[in-house]
Amino acid sequence: MAQAAEERRALVDKLAAQLQARVLNGELPSGTRLRQEALAEEFGVSRTPVREALRKLQASGLVDLRPHRGALVRGISPREIRDAYEVRAELEALAAEVAALRIRPEQLERLHRAQAQFRDGLRRLTRRARNGRPKLTEEEVASWGRANDEFHQVIQEAAGNEVLAATLTHLHRSFPRDLSRLVLGENTNLLAGNVAEHEAVLEAIERGDAQAARALMHLHVLRAGALVTHRFEQRVAL
């Protein structure tokens, strides 16, 4: 039963992520009605996981579930994104600062592994750009995204502050890291800069420099937020 429950959660997460990507890339603009029956048929699943995925998107603010009207895409504004990233920058900076003082050897090793995967994503994107195919495949973007998530998650775990972790989890449900993934996965230079920022944060944490770790993580998150906000401002202008 535990395995079945885990598989169901994974399916719901996958459906929510796919719908979220469509909202964020403009394929499903604000006001679009999402019909459970049509989505279930499209994805080849029952209505139950679709309904749960829509509830998850409602919790993140991307979808409104209204009586007798079903699910409507709400979308998010550039201002909401900017505000969220400003808060996230402060929280993740605090996590990096504390992690530099508390991180354990096995957690540091996990950080190095995540960073290695992150660099691999950059190498793949660079090779594709040279061959005239700048975008990563969906699978490659997902792999890079998992490495990015792991990097930030390990730092939060190393900080050992449950209130901080819970607050960041709530924030990420509304404005997940997938937002920056959509932007960085299309541009070699932007991804290279993001990888270098991770490298700098990792080095600061490894040498136990709490203040540098804080400052570097704060800058890293703000830069990601600026990229995402700019992309959304461009879409709003279209």
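The largest nonpolar core has 51 residues. By nonpolar core I mean buried Ala, Val, Leu, Ile, Met, Phe, Trp, Tyr and Cys residues joined through side-chain atoms within 4.5 Å. Buried is under 20% relative accessible area, exposed is over 50%, and partly exposed is in between, with a 1.4 Å probe and protein chains only. Leu 34, Leu 54, Leu 111, Phe 151, Ile 155 and Ile 205 have the most contacts inside this core. Its largest share, nine residues, comes from helix 4, residues 78-102. Helices (H or I, at least four residues) and strands (E, at least two) are DSSP runs, numbered from the N terminus.

A word on the basis: this is a predicted model, where local features need pLDDT of at least 70, side-chain atom pairs count only at pLDDT 80 or more, and totals for chains, interfaces and linings use all residues. Residues are numbered from 1 along each chain as its sequence is written, and side-chain values use heavy atoms, with hydrogens and water left out.

Now take Ile 155. What does Ile 155 touch, not counting residues up to four places away in sequence? Ala 95, Ala 96, Ala 99, Leu 111, Val 201, Ile 205 and Met 217. Contact here is heavy atoms within 4.5 Å.

Pairing requires at least two bridges found by DSSP. Strand 1 (residues 33-34) and strand 3 (residues 70-73) are joined by two. There, Leu 34 has Ala 71 as its bridge partner. Strand 2, residues 63-66, pairs with strand 3 over four bridges. Val 63 is opposite Val 73, and Leu 65 is opposite Ala 71. Three residues lie between the strands of this hairpin, and His 68 takes a positive phi near 70 degrees.

Last, helix 9, residues 188-206. Its 19 residues reach 27 Å from first C-alpha to last, close to the 27 Å expected at 1.5 Å a residue. That expected span is 1.5 Å times one less than the number of residues. Buried residues in helix 9 include Leu 191, Val 195, His 198 and Ile 205. Just after the helix, Gly 208 takes a positive phi of about 75 degrees.
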